[in-house]
Amino acid sequence: MAAATSEAKITATEPPKIVWNEGKHRFETEDHEAFIDYKLRNNGKVMDLVHTYVPSSKRGLGLASLLCVAAFEHASSHSLSVIPSCSYVSDTFLPRNPTWKPLVYSEDLKSSI
């Protein structure tokens, strides 16, 4: 019975809310501790995802993936292409989530950051 109770608690937990911080060019958790930074390129038509950060105390919770999903959903809804300069985005998130690959900018213009 105890196992069922703990399972219910796990499934009832809501994922952290990710918010768009337009002024800082990032998507972040509400506590501002985890974020994904971007730069707009090509007259604002391309979002270059340059850096993802999750503090060690919050790693393993799927926050980096949630941040990426928020950025890709934003890009999709605003008709933007994405440059995955951040190694987490290009090497981990996109291979695990290939449905987002059509949004990737067609030229290899990774940022030097």
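At what angle do H2 and H3 pack, and how far apart are their axes? In this predicted model, H2 and H3 pack at an angle of about 90°, and their axes lie 11 Å apart. An angle from 65 to 115 degrees counts as roughly perpendicular, and H2 and H3 are therefore roughly perpendicular to each other. On the H2 side, the residues that take part are Ala 64, Ser 65, Cys 68, Val 69 and Phe 72, and they meet Tyr 88, Val 89, Phe 93 and Leu 94 in H3. By class, this contact of H2 with H3 has 8 nonpolar residues and 1 polar residue, with no charged residues.

**Helix H3 and its two faces**

The buried residues of helix H3, which spans residues 87-96, are Val 89, Ser 90, Phe 93 and Leu 94. These residues cover an arc of only 125° around the axis, which puts them on the same side of H3. An α-helix has 3.6 residues a turn, so residues three or four places apart point the same way. The face of H3 turned away from its buried side carries the exposed residues Asp 91 and Arg 96. What covers the buried residues of H3 includes strand E3 (35-41), strand E4 (46-53) and helix H2 (63-77).

One of the buried residues of H3 is Leu 94, whose relative accessible area is 5%. Because buried means under 20% relative accessible area, Leu 94 is counted as buried. Residues up to four places away in sequence aside, Leu 94 touches Phe 72, Pro 84, Val 89, Trp 100, Lys 101 and Val 104. The C-alpha atoms of Leu 94 and Cys 68 are separated by 9.2 Å, although these two residues are 26 residues apart along the chain.

**The sheet**

In which order do the strands of the open sheet run? The sheet has 5 strands in the order E1-E2-E3-E4-E5, and its pairing is mixed. Strand E1 (18-21) and strand E5 (81-83) stand at the edges, each with a single partner strand, so one side of each is left without a neighbour in the sheet. From one strand to the next, the twist averages 30°. H2 packs on this sheet, where H2 touches E1, strand E2 (26-29), E3, E4 and E5, and the direction of H2 makes about 170° with that of E4.

| Strand pair | Sense | Bridges |
|---|---|---|
| E3 and E4 | antiparallel | 7 bridges |
| E4 and E5 | parallel | 3 bridges |

E3 and E4 form a hairpin with 4 residues between them, and Asn 42 in the turn has a positive phi of about 50°.

How values were computed: Residues are numbered from 1 along each chain as its sequence is written. This is a predicted model: local features need pLDDT of at least 70, side-chain atom pairs count only at pLDDT 80 or more; totals for chains, interfaces and linings use all residues. Side-chain values use heavy atoms; hydrogens and water are left out. Buried means under 20% relative accessible area, exposed over 50%, partly exposed in between (1.4 Å probe, protein chains only). The arc is that of the directions from the helix axis to the C-beta atoms. Contact means heavy atoms within 4.5 Å. Axes are lines fitted to C-alpha atoms, for helices over the stretch in contact, and angles run from 0 to 180 degrees between N-to-C directions. Angles under 35 degrees count as roughly parallel, over 145 as roughly antiparallel, 65 to 115 as roughly perpendicular and the rest as oblique. Ala, Val, Leu, Ile, Met, Phe, Trp, Tyr, Cys and Pro count as nonpolar, Asp, Glu, Lys and Arg as charged, and the others, Gly among them, as polar. Two strands pair if DSSP finds at least two bridges between them.
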